[in-house]
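This report describes how side chains meet within one protein model. Please keep the sequence and the three-dimensional view at hand while reading.

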Amino acid sequence: MGNWIINNGFTAVMLVVWMGINIFLFVWFYLFYDQGPQFYYTRHLLGSALAWARAPAAVLNFNCLLILLPVCRNLLSLIRGSFVCCIRTMRKQLDKNLSFHKLVAYMIALMTAVHVIAHLLNVEWYNNSRQGVYDELSTALSSLEDAENTTYLNPIRKTDIDPQQIPTYFVFTTIAGLTGVIITLALILIITSSMEVIRRSYFEVFWYTHHLFIIFFAGLVFHGAGRIVRSQNITAVPSHNTSFCKDRVDDWGKIPECPNPQFYGGFPATWYWVIGPMIIYLCERLLRFIRYMQHVRYRKIVMRPSKVLELQLAKNGFKMEVGQYVFLNCPSISQLEWHPFTMTSAPEEDFFSVHIRSAGDWTDKLIDIMQKLPEGAQGPKMGVDGPFGTASEDVFNYEVSMLVGAGIGVTPFASILKSIWYKFKDSNPTLRTRKIYFYWLCRETHAFEWFADLLQVLEKEMEERGMGDFLTYKLFLTGWDQSHADHVVVHFDKDTDVITGLKQKTHYGRPNWDKEFEQVRKENPTAVVGTFLCGPVALAKVLEKKCVKFSDVDPRKTKFYFNKENF
């Protein structure tokens, strides 16, 4: 439990606080509508469905306030920068922004379902009361009109059509009903297109349907303007005493003790909750547009093995840190689509570079365009938004770092290793990291080629400076055929690896993580070890468990902190 607290304690506290606020809002507003004297007559028409509709609405307001904030990348980068001097646990929460975004979305979906079901029942019961199906009090309340000394309670006012059609007519002709239908449909499309299988296989579908959030928020702001849930004005003079007058319907307006009850719709409050995040997000998009308009120059375009495209770009005023990422937009492919790519260059270089693997329609089209360019020509217009911070920014804040990359997931660590080379070259005294363990898992041999030259330079640099132990790297090949195996056997006794040309031989199969973590702990018995991953979720779960397993509760001994790249 102590090890788990080291890596997940603060996250758990944040989730408990978030869930506590949700529960408090639900219970508070449920009791408010279920016991409030101003809703006595409304409850008589609707029963407990009133509270079951309004309590989820309050929770929805709170979560709609939160849903945009985790995707405001510039805001998160600003906050991350302000936490430079704070504990790393605070900054780690920012790396889980998309997980929190999804969690809030699930809560919105759940509360929307409850809210919609309750209001469907409310509309049915409003209609039945209007048709005189229930008792005398329900009929009297539903018959009140907006007149000189009366105000209505039942929002269903039309009675000259088929009673069976009235609920449908009400839903599609009132502000509350129509906006409710629109935002519910928008939410369904947003959530269904966000499923992993669709997002991975049909990213464009995910991208475009996600922008229905504009319609969702617009409908949300106007949804409450319908004011279909009405309450009694209990401060009206003369006062209408519900406990005395509820059984004297025929005397309403005729005796001083029972004047006609006065009702009013509550002022729409949703915009109070969402206006702030909407303004912040609008500023975010404006900043993205300004960055998009800035000119980007191509320094170099290189086609690497395994269909990996390297772009070296330059932009005035662009400053980066290790492990950061940018969003790229190529208008000749799509005016609206932006895709994230981790930068592989170091902050010390006068350009920034990205390595782009063929992984979908957008990347395939970009690679195809670049391959057709004449040698030395400038590529198509490229919009760049960023850079944005990630977990890898903190790599130099640890005495010991474990870097784990899977496939193209090695890109943030290319930036880190290049920066280390520059720091050694310039004898930078601020480098506090004294040991780095680097693991790279790949399915095919060609994927190692573009990165091997950097490792060779680092290998040579460390040896010349007598710091061969500073960098320990292990490359794991997880897929090979028989011809490759035969080739390895023939050249097994060579001093350098037959795949990479490095002195460190390539390992075949997957790492034994228990063995690797045990080795790191043994070699660094009192260190704080940062474990960084850029790779699949399945591997993240394994490494996170290993960090918990091999961390020591004793603060004087080895502790592992898990960090994962999230886009």
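The model is predicted: local features need pLDDT of at least 70, side-chain atom pairs count only at pLDDT 80 or more, and totals for chains, interfaces and linings use all residues. Residues are numbered from 1 along each chain as its sequence is written, and side-chain values use heavy atoms, with hydrogens and water left out.

## Aromatic rings

There are 28 aromatic pairs in the structure. Rings of Phe, Tyr and Trp (its six-membered ring) pair if their centres lie within 6.5 Å; planes under 30 degrees apart count as stacked, over 60 as edge-to-face and the rest as tilted.

One of these pairs is formed by Tyr398 and Tyr561, which is tilted, with 6.4 Å from centre to centre and 45° between the planes. Tyr398 lies in the loop between strand E8 (383-388) and strand E9 (400-406), and Tyr561 lies in strand E14 (residues 559-564), so the pair ties together parts that are 163 residues apart in sequence. Helices (H or I, at least four residues) and strands (E, at least two) are DSSP runs, numbered from the N terminus. Tyr398 is buried, at 1% relative accessibility, and Tyr561 is buried as well, with a relative accessible area of 13%. Here, buried means under 20% relative accessible area, exposed over 50%, and partly exposed in between (1.4 Å probe, protein chains only).

Phe517 and Phe550 form a stacked aromatic pair, at 5.8 Å centre to centre and 25° between the planes. Phe517 belongs to helix H19 (residues 513-523) and Phe550 to helix H20 (residues 537-550), so this pair ties together parts that are 33 residues apart in sequence. Phe517 is buried, with a relative accessible area of 0%, and Phe550 is buried at 5%. Both residues belong to a cluster in which ring pairs link Tyr439, Trp513, Phe517, Phe550 and Phe560.

Rings also meet charged side chains. A charge sits over a ring if NZ of Lys or CZ of Arg is within 6 Å of the ring centre and within 35 degrees of the ring normal. The charged end of Arg230 sits over the ring of Tyr152, 3.9 Å from its centre. Arg199 lies over the face of Phe206, at 6.0 Å from the ring centre.

## Helix H8

Which residues of helix H8 (residues 166-173) are buried? They are Ile166, Pro167, Phe170 and Val171. Seen down the axis of H8, these buried residues fall within an arc of 135°, so they line one face of the helix. The arc is that of the directions from the helix axis to the C-beta atoms.

## Salt bridges

The structure holds 15 salt bridges, each being a side-chain nitrogen of Lys or Arg within 4 Å of a carboxyl oxygen of Asp or Glu. The table gives some of them.

| Glu145 | Arg157 | 2.8 Å |

Glu145 and Arg157 both lie in the loop between helix H7 (136-143) and H8, so their pair ties together parts that are 12 residues apart in sequence. Glu145 is partly exposed at 39%, and Arg157 is partly exposed at 27%.

Asp350 lies in the loop between strand E6 (339-342) and strand E7 (352-357), and Arg299 in strand E3 (residues 297-304), so that pair ties together parts that are 51 residues apart in sequence. Asp350 is exposed at 60% relative accessibility, whereas Arg299 is partly exposed at 44%.

Asp514 is partly exposed, with a relative accessible area of 28%, and Lys549 is partly exposed at 48%.

Salt bridges that share partners also join Arg73, Glu284, Arg288, Arg291 and Asp385 into one network.

## Asn61

Is Asn61 buried or exposed? At 13% relative accessibility, Asn61 counts as buried. This residue is found in helix H3 (residues 49-67). Leaving aside neighbours within four places in sequence, Asn61 is in contact (heavy atoms within 4.5 Å) with Thr270 and Trp273.
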